[in-house]
Amino acid sequence: MRTSLFLALLSALTPALLPAQAADFAASAPAQDAQAPSSAGVNTGPPQPAQFDEQHRPITAGGFVSGGPLIFQDISEKSGLTHWTHKMGTTQKKYIIETNGSGVCLIDYDNDGWLDIYLVNGSTFDALDGKETPPHAALFHNNHDGTFTDVSAQAGVTNDRWGFGCAVADYDNDGWPDIYVTNWGKNRLYHNNHDGTFTDVAEKAGVTLGNWSTGATWGDYDGDGRLDLFVPGYVHFDRDNLPTGGENGVSDTFCTFRGVQVNCGPRGLKGEPDHLFHNNGDGTFTDVSEKAGVADAPGYYGLSSLFVDINNDGKVDLLVADDSTPNYLYLNKGDGTFDDVSYESGYALNEAGRETASMGIAAGDFQNNGMVDVFNTTFSDDYKPLYRNEGNANLTDISYQLGIADITVPFLGWGDAFFDYDNDGWKDLMMADGHVYPQVDQHPWGTSWAERPLLFHNLGGKKFEVVPAVEGSGLADVIAGRGMAVGDLFNDGKLDVVINVMDGHPVLLRNVNPDHNHWLELKLVGAPGSPQDAVGATVYLTANGMRQRGDVLSGGSYASTSDPRPHFGLGQATAVDDIEVHWPGGKVEHFTVPGVDRIVTITQGTGKPRPATAPAVAAGAPR
């Protein structure tokens, strides 16, 4: 693997160190960084010049155009989602526990072929003390007519705890998706009862944990055919020892933003460890974090995680996005353990050799070269890094080369995803945004509490260009966005977006892009002895002279899970040449489909088992 930028900078700054000594020093750097980050204060990047539009609005809440193509239509009210409201703490946001917001998961919980929506809620101190009714999570059933009905009470998934994230997968291989919910306090594991209801089995399963858990992910890391669970820990938040500047051991330095008093953290606060739970196959799990080498000994501030095959060896690796501390990339060694290659891979830090306040993870092959690239959302006053996968788990931050760095600086990003919104065969990129400090609205910093989402159009894998926010369209929604999930909610071949809004109504952005491109969507079903929902599978689709990659994933986007069905835009192609599926466990099959513009179910064991095509760069794809 290439030497990381961190090592290069370290060598330049410490010329007296021999290469071996520099490597040893770098190996110990994470533990030091957790307590002594490279820059003081709550933000990882230095203050940036304010950006305003022609009406002198912060660019995060303005910059709209009067005309242009309408990509998304906000149908939140029409769909029925606005009957539910997210709530987390007070409007003053005095403590960090009140600021991060919650996620959203897309799940076909009743197996009727239509995606339903699960929205996690927060809570308040008064609710915890029994002084008010706790806000509840919501499961919205898809009525197949553009509307949704809140069935959370009947389904038994209201949570009624201080919620943050959700991750969906069929952990017991019974053919029905289950939901893991992360909280401040005990987590829940909602087992699907096959009748429209769920039962919380977290205590019996041994996965409740405690304190503050965030964006979990499911994946079969050891290849035994059962999905395992990874849960990152964020901040150790003590109700009896609330973090206040200058008190309880918290320095004022970690309670200010641009010189203004704000809530404290995460820097200056104790972090929570991460946990990997091995699925025992009997409804219980065993914590193997230490044994597997993913326990996060330094206590970084984990916000999102994702099992995905980064180096194309057929085994899922593990990405962890950490707030204000270096990110983790763990390579799966195939023996039940992982190799921490965070620094040498280039993922620990950004191009400037700096840790970022990473929030969400988007993973996707934006160049159509067979390798998964990674995009992280981060804090305001910092650009959002996109790491190009060079092969062999070498990740290079090329945000500035792609044209997505400068415009993202004022925004504070959360949920994110690679997806082909116009079905042209190239994965685009979107992020949901919103600040954590209400105080920013009182200062001319060019950023805002409520922010509009950003959508970037992929120009043939070589550049991204921002899609203008047309007035009155979904991209002009100014909201306190947090979790975001993407999926084909209306089974029409166009990918829609759901955003969980801090202290507000959720937003459903229906894809109304006026293209006439073709598409194909795949529902993968695993064979007995392997994950039934095929989480961890990789699909290569060849059409129109182009080979695309899609992965079945659970987690990634901040505290959220998107549509598990790989979706492929086909451009003007009216036929698919080949579908190559790499199933969890290593088996490879090729499939043909009868046409396009449809959703097709593919079952393991029914294809043609042929040798896998090497994941080489597709003809004509950029290198």
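Author: Start with one cut-off: buried means under 20% relative accessible area. Asn368 has a relative accessible area of 0%, so this residue is buried. Keep in mind throughout that this is a predicted model.

Reader: Where is Asn368 found?

Author: Asn368 is in the loop between β20 (361–364) and β21 (373–376). Its side chain has a polar atom 2.9 Å from the backbone oxygen of Gly425. For a sense of distance, take Ser305. It is 63 residues from Asn368 along the chain, and the two C-alpha atoms are separated by 23 Å.

Reader: The model is predicted. What is the mean pLDDT of the protein chain?

Author: First the general idea. Where pLDDT is low, the predicted coordinates should not be read in detail. Here the mean pLDDT of the protein chain is 92, and 91% of its residues reach 70 or more.

Reader: Over which residues does pLDDT stay under 50?

Author: Residues 1–40 are one such stretch. The model gives them 57 contacts beyond four places in sequence. Residues 614–623 also have a pLDDT below 50, and this stretch has 23 contacts beyond near neighbours in sequence.

Reader: Next, disulfides. How many does the structure hold?

Author: A disulfide is a covalent bond between the sulfur atoms of two cysteines. This structure holds two disulfides. Number the bonded cysteines in sequence order, and the pairing reads 1-2, 3-4.

Reader: Which residue does Cys105 form a disulfide with?

Author: Cys166. The sulfur atoms are 2.2 Å apart. The pair links distant parts of the chain: Cys105 sits in strand β2 (residues 104–107), Cys166 in strand β6 (residues 162–169), 61 residues apart. The link is right-handed, with 120 degrees about the S-S bond.

Reader: Are Cys105 and Cys166 buried or exposed?

Author: Cys105 is buried, because its relative accessible area is 0%. Cys166 is at 1%, so it counts as buried too.

Reader: And what does Cys255 join to?

Author: A disulfide joins Cys255 to Cys264, with 2.1 Å from S to S. The torsion about the S-S bond is about 110 degrees, so this disulfide is right-handed. Cys255 has 0% relative accessible area and is buried. Cys264, at 3%, also counts as buried.

Reader: Now sheets. What is the strand order in the open sheet of four strands?

Author: The order is β1-β30-β29-β28, and the pairing is antiparallel. The edge strands are β1 (72–74) and β28 (481–487), each pairing on one side only. From one strand to the next, the twist averages 25 degrees.

Reader: How many bridges join β29 to β30?

Author: Three bridges join β29 (residues 496–501) to β30 (residues 507–511).

Reader: Why is strand β24 called largely enclosed?

Author: Count its buried residues. Seven of the seven residues of β24 (residues 413–419) are buried, so the strand is largely enclosed by the rest of the structure. Five bridges join β24 to β25 (residues 428–433), and the two run antiparallel. Asp416 stands opposite Met431 in β25.

Reader: Loops next. What is Thr214 in contact with?

Author: Leave aside its neighbours within four places in sequence. Thr214 is then in contact with Gly165, Thr182, Pro232, Tyr234, Gly302 and Leu303. Thr214 lies in the loop between α6 (202–205) and β10 (217–219). At 1% relative accessibility, Thr214 counts as buried. A polar atom of its side chain is 3.4 Å from the backbone oxygen of Leu303.

Reader: Last, the backbone. Which residues does a cis peptide bond join?

Author: Gly265 and Pro266, with omega about 0 degrees. Pro266 is in the loop between β13 (260–261) and β14 (275–279).

Reader: What is phi of Ala534, and what is that of Asp597?

Author: For Ala534, phi is near 60 degrees, a positive value in a residue other than glycine. Ala534 is in the loop between β31 (518–525) and β32 (538–543). Its relative accessible area is 0%, so Ala534 is buried. Asp597 is not a glycine either, yet has a positive phi of about 55 degrees. Asp597 lies in the loop between β36 (588–591) and β37 (598–603). At 34% relative accessibility, Asp597 counts as partly exposed.

Conventions
Residues are numbered from 1 along each chain as its sequence is written. This is a predicted model: local features need pLDDT of at least 70, side-chain atom pairs count only at pLDDT 80 or more; totals for chains, interfaces and linings use all residues. Side-chain values use heavy atoms; hydrogens and water are left out. Two strands pair if DSSP finds at least two bridges between them. Axes are lines fitted to C-alpha atoms, for helices over the stretch in contact, and angles run from 0 to 180 degrees between N-to-C directions. A disulfide is a pair of cysteine sulfur atoms within 2.5 Å. Buried means under 20% relative accessible area, exposed over 50%, partly exposed in between (1.4 Å probe, protein chains only). A polar contact is a pair of N or O atoms within 3.5 Å; within protein, one must be able to donate a hydrogen and the other to accept it, and residues adjacent in sequence count only if both atoms are side-chain atoms. pLDDT is the predictor's confidence in each residue, from 0 to 100. Contact means heavy atoms within 4.5 Å.
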